[in-house]
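Reader: I would like to understand how the terms used for a structure follow from their definitions. Could you take me through them one by one?

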There are 2 protein chains.
Amino acid sequence: MESLTFGQYSLVYNAFSFTFATMAATTLFLWLGRSQVGPAYKTALTISGLVCAIAAYHYFRIFESWEGAYVVEGGVVAASNIAFNDAYRYVDWLLTVPLLLVELILVMRLSQVETVSKSLKLGGAAALMIVLGYPGEIATDITTRVIWGTLSSIPFVYIVWQLFAGLGASINSQPENVRGLVKKARLLTFASWGFYPIVYMIPYTSLSGSNVTVGVQVGYTIADLIAKAGVGVLVYMIAVRKSQAEYGDAYGKPVNV
Amino acid sequence: MESLTFGQYSLVYNAFSFTFATMAATTLFLWLGRSQVGPAYKTALTISGLVCAIAAYHYFRIFESWEGAYVVEGGVVAASNIAFNDAYRYVDWLLTVPLLLVELILVMRLSQVETVSKSLKLGGAAALMIVLGYPGEIATDITTRVIWGTLSSIPFVYIVWQLFAGLGASINSQPENVRGLVKKARLLTFASWGFYPIVYMIPYTSLSGSNVTVGVQVGYTIADLIAKAGVGVLVYMIAVRKSQAEYGDAYGKPVNV
């Protein structure tokens, strides 16, 4: 592994620690919030919390792997003989990315049939996208990275199309005071997901060595924070507002809305 | 790292251990309290507990980092070759300081629109304040520390102004028996926050070497205890009183009010 400056090493180290804390905190926030939403929305919060819990676990592992991959002495960072394990990210995504789409579908409270069919379709495409991206991520040459990256973008485009065309009609049937939030959640999902391919393509650029490592790690971390914790909080807000509208005062309608 | 006397080393060591225990205990207190407040106040206690939980995690890390940064043998303290990682504080504040403002806003039970807009404004300013303070904290020269410290004080002044001018009107619309408590919570927030810049400026003074290290660590620790655990307990008291007033006997109105 290439050597890093102490500043680069610390930036990634602190970003991982920050993300572990944020994911764990968001998990607890979402699960405690289960008691504040109506029965129809509890599963959405369970799943949103799970996504953050799985991410917290993997960031803890990634953090430990980062610590083990370098030896820091007197402000000098040298690679140890244990490689940094990047596969944790893909293991995480294989679980969390399909679940992220499921949480969006659940909070919309569609019919049972639609919920199951959309979850299978979108969740399946998401899993396929991750599986196809991995061989490119671990490839040492750019050509292999480009081939698998391109294959992986086919299910990605399908998901985006489904989110905007397929879910569009369902969004318009949402109560008015949450329609904006549902659209924001969809947009945030799209925007943060669009960030991953950009990070994936960093090695295509003229950046090299430790800059690539730092760019990829910090980039994926920011995208994960938005896609998981950010979207999770939006799903919570949607669930609370819909519960207030559909189940009434027991769910704490504010005094002067 | 400069060497410390055994007394100095132990003072910081015990302060970190005390703070970990206090933060963890306050977390549990606030979360257990969720069942004792009305639906509208549960999120305020969730967030207050989260702030303390995140702080507990970071104090655990800070404690371990402190232990690793020194070698103690026969009452003599020598620096090890692993640096004490002060960045944990900033990583913590980046998460907890915006949330501290959000808990104050939530317990006031404003309208949905006001809650969201004030949370974004104050939370955003708080995050900016922390980000601007960090380059100064890690700087080795006083000039850099002063520049970033001054920049960081701009969002700080904005927050104080918002707390006193912007929230003033909302406080006067609070029920009479909590108005005093809300003002106390605001004052405690202001007073404890005012403590951070003072600690930040310790290196400007004639104090040097290990005295600075001990002063900064103990100072930030006391400020954290007041701002997080202290304000958290006040938020709990406000939430309980307002629940009694708004939701009635189910929330344990005292016998002779």
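Reader: How many residue pairs are in polar contact across the interface of chain A and chain B, and what makes a pair a polar contact?

Author: In this predicted model, where local features need pLDDT of at least 70, side-chain atom pairs count only at pLDDT 80 or more and totals for chains, interfaces and linings use all residues, the rule finds 10 residue pairs in polar contact across the interface of chain A and chain B, both residues being at pLDDT 80 or more. A polar contact is a pair of N or O atoms within 3.5 Å; within protein, one atom must be able to donate a hydrogen and the other to accept it, and residues adjacent in sequence count only if both atoms are side-chain atoms. Residues are numbered from 1 along each chain as its sequence is written, chains are lettered from A and ligands numbered from 1 in the order in which they are written, and side-chain values use heavy atoms, with hydrogens and water left out.

Reader: Which elements of chain A supply at least two residues of the side that touches chain B?

Author: Helix H1 (6-32), helix H2 (39-69), strand E1 (70-73) and helix H8 (210-247) of chain A each do so, where helices (H or I, at least four residues) and strands (E, at least two) are DSSP runs numbered from the N terminus. The largest share, 11 residues, comes from H1(A).

Reader: Why is Arg89(B) called buried?

Author: Buried means under 20% relative accessible area, exposed over 50% and partly exposed in between, with a 1.4 Å probe and protein chains only. Arg89(B) has a relative accessible area of 2%, and therefore it is buried. This residue lies in helix H3 (residues 87-107) of chain B, and its side chain makes a polar contact with the side chain of Tyr59(B) at 2.9 Å.

Reader: What makes the pair of Arg89(B) and Asp86(B) a salt bridge?

Author: A salt bridge is a side-chain nitrogen of Lys or Arg within 4 Å of a carboxyl oxygen of Asp or Glu. The closest N and O atoms of Arg89(B) and Asp86(B) are 3.9 Å apart, and the pair forms a salt bridge. The network of salt bridges to which Arg89(B) belongs links Asp86(B), Arg89(B), Asp92(B), Asp224(B) and Lys228(B).

Reader: How do you know that Lys228(B) and Asp224(B) are about one helical turn apart?

Author: They are separated by about one helical turn because they are four residues apart in helix H8 (residues 210-247) of chain B.

Reader: Are Glu137(B) and Arg145(B) buried or exposed?

Author: Glu137(B), at 11% relative accessibility, counts as buried, and Arg145(B), at 5%, counts as buried too. The side chains of these residues meet in a salt bridge (2.9 Å, N to O).

Reader: Where does Val216(A) lie, and why does it count as buried?

Author: Val216(A) lies in helix H8 of chain A, and its relative accessibility is 6%, so it counts as buried. Leaving out residues up to four places away in sequence, Val216(A) touches Val199(A) and Ile202(A), contact meaning heavy atoms within 4.5 Å.

Reader: Which residues touch the most other members of the largest nonpolar core?

Author: Of its 157 residues, these are Trp66(A), Ile159(A), Trp193(A), Ile159(B) and Trp193(B); a nonpolar core is a set of buried Ala, Val, Leu, Ile, Met, Phe, Trp, Tyr and Cys residues joined through side-chain atoms within 4.5 Å. The largest share of this core, 17 residues, comes from helix H2 (residues 39-69) of chain B.
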